[in-house]
Amino acid sequence: MSATTPDSPTLITGIPELDSLIGRSFTRGSMVVVAGHPGSGKTTLALTICRSNAVRQIPCLYITFQEDKDKLVRYAKFLGLNLDELEAMGLLDFVKLPVSASIGDLIEEIGNVVRRKNYGIIVIDSINAILAGLERSGVERLYLQNYFYTLPTLTNSILILISELPLESDILPIAGIEFVADIVVILKHKIRRGLIERYMEIRKARGNPLSIAELPFIIEEFKGLKLWPPIIVSEIMENREEIRIPCKSLADALGSPSIWKSEVIYITYPSNSRPIYAAMIPLALSLASNLKMLVVSYKYPKESIYYLISKALDMMGLTEDEVKRLISIIEITSLNPFSTSLSSIAHYEISLAEGKDIVVFHGVDIPMVTFKLRRYIPALYNQINYLKNMGVQIVRMSSYINRVMDRVNASLSDIVFRFKPVMTESGRLGYRIYTWRRGYHAYIMDLNIFELCMREAGSIIKSRCIHNG
Ligand SMILES: Nc1ncnc2c1ncn2[C@@H]1O[C@H](COP(=O)(O)OP(=O)(O)OP(=O)(O)O)[C@@H](O)[C@H]1O
Ligand SMILES: [Mg+2]
């Protein structure tokens, strides 16, 4: 029955990462159990699946026992799921059934609604509501389980059964249901440092090789549920798109006139000196090539970052007007790494980076000293690889705090710029810039050369400004 005919197009979860993990078992005639703790995202996942198929003209039926349709539709809007239109087009039907006293009545009621249309997806939210109305007798539960087991085959659809789990538990309310289901997904909450981390456990997916059991996910305003399975190293893409280095001495230092987009840049400076020069590197690279840049700062509010950028651009020789125009195309976000969990922030940043060419993380020493390296490094490693696969260039800027962190950052990068303070002849503090690039010789540049170089980059940016009006 799970065979796909032209009349019954394939079904998807609508979350590509999930499709690639369980897609083979996500076929007509299958029973999917979505179990989870209160507020863990069961309804969000089911609505996402419903909508993703409905927009492909495959009708979805959503049966609830407690939740009002209006409330569901309103809530879905905040998740970026517009359901009204699909409902008006007859592609999404909400049905609220009363909790019947008898199992026979209930099955009849469900039978009546599922026959109305050729549904591709049928959701029952949730089976706990049904079970609460039943006697505790094993016979009735078994009968219900059998009914659910045959329903997807009879209707040539996927049946999604939502099941509520008490916190701290992952035992399903119908004991045998795990064995008859084709897919079992469990949504969990974990509290770390008082913050919520969400995980999806794929307990079972018939016919799919499963190596990853637990995946972090987030639920994001207007974007819905997003999932990030760890990237397999052999699948990391080296984006060979070239980014021109907009001045000669920097190109000499790095050994070629351009760098690749997949090269991760680490810029470090002493914690007490914070040279404005450090900010010029990503500015020069992105603005001279018209790249879309996002700055994520863990340290300063947006306004302060704007100020620093304008100051750097001013030193690169750009006029006030030009600075104003350039700044409007740079996106800046300030994030407090402690207000949300580690996996949430790492994933939130990935979603912010969508459509950007270059992302600058400013003040990475802050999250690095806070989280246990054992947990921080895997999150960072996965994030870097995700961004690489998205074709985003990564720049990480950090004060030098300690050797371990510095080495971790350097080892995860392809290009390192190290600003070292030196005393100049006039007695002022100057810098020497040490550069390392994987596969090239190391290089030491004096500040006056670097400054000239950045003015050269500035004039390229200027001409681009004039050119672009
Ligand atoms: N607009 C939103 N942006 C971000 N997160 C949201 C938004 N709306 C809801 N959430 C989060 O999504 C979580 C999951 O909600 P959902 O209703 O899908 O969970 P559930 O498992 O069905 O809960 P319940 O056990 O109450 O049925 C909520 O706890 C909330 O933290
Ligand atoms: Mg719910």
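Predicted model: local features only at pLDDT ≥ 70, side-chain atom pairs only at ≥ 80, totals over all residues.
View 1. Residues are numbered from 1 along each chain as its sequence is written, chains are lettered from A and ligands numbered from 1 in the order in which they are written, and side-chain values use heavy atoms, with hydrogens and water left out. Contact means heavy atoms within 4.5 Å. Beyond its neighbours within four places in sequence, Ile267 touches Ala278, Ile281, Pro282, Val395, Arg396, Met397, Ser398, Phe417 and Phe419.

**View 2. The largest nonpolar core.** A nonpolar core is a set of buried Ala, Val, Leu, Ile, Met, Phe, Trp, Tyr and Cys residues joined through side-chain atoms within 4.5 Å. Buried means under 20% relative accessible area, exposed over 50%, and partly exposed in between, with a 1.4 Å probe and protein chains only. The largest core holds 54 residues. Ile267, Phe417, Phe419 and Phe450 have the most contacts inside it. Helix H10 (residues 277-288) gives the largest share of this core, 10 residues. Helices (H or I, at least four residues) and strands (E, at least two) are DSSP runs, numbered from the N terminus. Another core, of 42 residues, lies apart from it; Leu45, Phe94, Ile183 and Val185 are among its members. In soluble globular proteins, nonpolar side chains tend to be buried together.

**View 3. Asp182 in its loop.** Asp182 sits in the loop between helix H8 (177-180) and strand S6 (183-192). Asp182 counts as buried because its relative accessibility is 15%. Leaving aside neighbours within four places in sequence, its contacts are Ser25, Gly29, Ser30, Met31, Lys204, Ala205 and Arg206. From Asp182 to Ser102 is 80 residues in sequence and 27 Å in space, C-alpha to C-alpha.

View 4. Strand S18 (residues 429-437) pairs with strand S19 (residues 443-446) in the antiparallel sense, over four bridges. Two strands pair if DSSP finds at least two bridges between them. Tyr434 has Ile444 in S19 as its bridge partner. Five residues lie between the strands of this hairpin, where Gly439 takes a positive phi near 90°.

**View 5. The chain as a setting for the close-ups.** The chain has 17 helices and 19 strands. Its C-alpha trace spans about 95 × 45 × 35 Å along its principal axes. Of its 469 residues, 55% count as buried.
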